[in-house]
Amino acid sequence: GVSPAVSDSFVIMAQLSSASISLSTQPSNTVAGVAIDPAPVALVQDQYLNPVTNYLITATLNGGDFAPAATVTSTTGADGSASFGNLVINAAKSGYTIDFSFAEESSYGTTSVTSDAFDVTHAALDKFVFGPLGKQTAGVDFNLAITAQDEFGNTATAFDGTANLTINKNTFASGGGTTGNFVDGVLASHAVSIDAAATGYQ
C-alpha cells in the first residue's frame, strides 16, 4: 500500500482580526504611593480563546495620572495576559477607573476595556499645612486654619487628633499649645493672638 505522507510542521496563529481585550484581574482599593495589589491583569484572546502574545497594552487612569508616568504599558505573554504590577497613584480619590487598550492596532474586536471603579486613600500623616495668614494686629485674635496631610499633599481625613502650636519667637498671648480636635483631617478655625509686634513669625 501507499505509505502515509507527513507534512512539514506548521503553525496556526491566533486570529488577530478578532482579538479582544478583557480583564482577568480587576484593580482594587489601594493607598496613595503604593502599587495596586494584586496587580491588574489584561487578557487578550481571539474569538476561539486563543491567546494573543507579544502585544503591547496601555493602561491609562481616568480622573488622574499614574506616578511617575501618565500611562503605563505591559506586553502580553504566552498565555495572552499582561500584568500591571507598577500602577502607583499619588492622589487620593474615590471612583478611579483604568482604561486598558491596544497600544498599536485599532482594527481588532474589542480594542479597549474599562476597569471597575476603585478608591485610593491617603497615606500616613506626614505634615500640617497652614492656610494663608497675612498681616495681623498685635493683641487681636486671628484664626488659623490647619490641614493634616500625607507626603503627597492629600488631606489625611482619618486624622482626628490634636496638634501642639508653638511659635518661633516671643509667645502666643492666647491660643498656644494644644489645639482642638481635627475633623476629617482639618482644623477649620483656631483663634490665637500675639502681643509683640515683629516680622518673620512662623
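Me: A salt bridge is a side-chain nitrogen of Lys or Arg within 4 Å of a carboxyl oxygen of Asp or Glu. How many does the structure hold?

Reply: It holds one salt bridge. The model is predicted, so local features need pLDDT of at least 70 and side-chain atom pairs count only at pLDDT 80 or more, while totals for chains, interfaces and linings use all residues. Residues are numbered from 1 along each chain as its sequence is written, and side-chain values use heavy atoms, with hydrogens and water left out.

Me: What makes K127 and D126 a salt bridge?

Reply: The closest N and O atoms of K127 and D126 are 3.9 Å apart. That value is within 4 Å, so the pair meets the rule. Side chains of opposite charge can pair when their charged atoms come close.

Me: Why is K127 called partly exposed?

Reply: K127 has 29% relative accessibility. Buried means under 20%, exposed over 50%, and partly exposed in between (1.4 Å probe, protein chains only), so 29% falls in the middle class. D126, at 48%, is partly exposed as well.

Me: Why are F84 and F100 called an edge-to-face pair?

Reply: Their ring centres are 5.2 Å apart and their planes stand at 65°. Rings of Phe, Tyr and Trp (its six-membered ring) pair if their centres lie within 6.5 Å; planes under 30 degrees apart count as stacked, over 60 as edge-to-face and the rest as tilted. The distance therefore makes F84 and F100 a pair, and the angle makes that pair edge-to-face. The count by this rule is five aromatic pairs. Besides this pair, F128, F159 and F182 form one aromatic cluster.

Me: What does the pair of F84 and F100 tie together?

Reply: F84 lies in the loop between β6 (81-83) and β7 (93-102), whereas F100 is in strand β7, so the contact links parts that are 16 residues apart in sequence. Strands here are DSSP runs (E, at least two residues), numbered from the N terminus. Both F84 and F100 are buried.

Me: How do you know that the charged end of K169 sits over the ring of Y201?

Reply: The charged end of K169 is 5.9 Å from the centre of the Y201 ring. The rule asks for NZ of Lys or CZ of Arg within 6 Å of the ring centre and within 35 degrees of the ring normal.

Me: Which residues lie nearest the centre of the largest pocket?

Reply: L133, F142, I167, I194 and Y201 do, among 20 lining residues. On a 1 Å grid over the protein atoms alone, a pocket is an open set of points where a 1.4 Å probe fits, with protein on both sides within 12 Å along at least five of seven lines, and lining residues have an atom within 4 Å of a point. The volume of the largest pocket is about 470 Å³, counted as the space filled by probe spheres set on the points.

Me: What classes of residue make up the lining of the largest pocket?

Reply: The lining has 13 nonpolar, seven polar and no charged residues. Ala, Val, Leu, Ile, Met, Phe, Trp, Tyr, Cys and Pro count as nonpolar, Asp, Glu, Lys and Arg as charged, and the others, Gly among them, as polar.

Me: Which peptide bond at P38 is cis?

Reply: The bond from D37 to P38 is cis, with omega near 5°. P38 is placed in the loop between β2 (30-31) and β3 (41-45). A cis bond also joins A67 and P68, where omega is about 0°; P68 lies in the loop between β4 (56-62) and β5 (71-75).

Me: Why is L49 called exposed?

Reply: Its relative accessible area is 59%, which is over 50%. L49 is in the loop between β3 and β4 and has a positive phi of about 70° although it is not a glycine. D184 likewise has a positive phi, near 55°, and is exposed at 53%. D184 is found in the loop between β13 (177-178) and β14 (186-192).

Terms used
Helix = DSSP H or I, 4+ residues; strand = E, 2+ residues; numbered from the N terminus.
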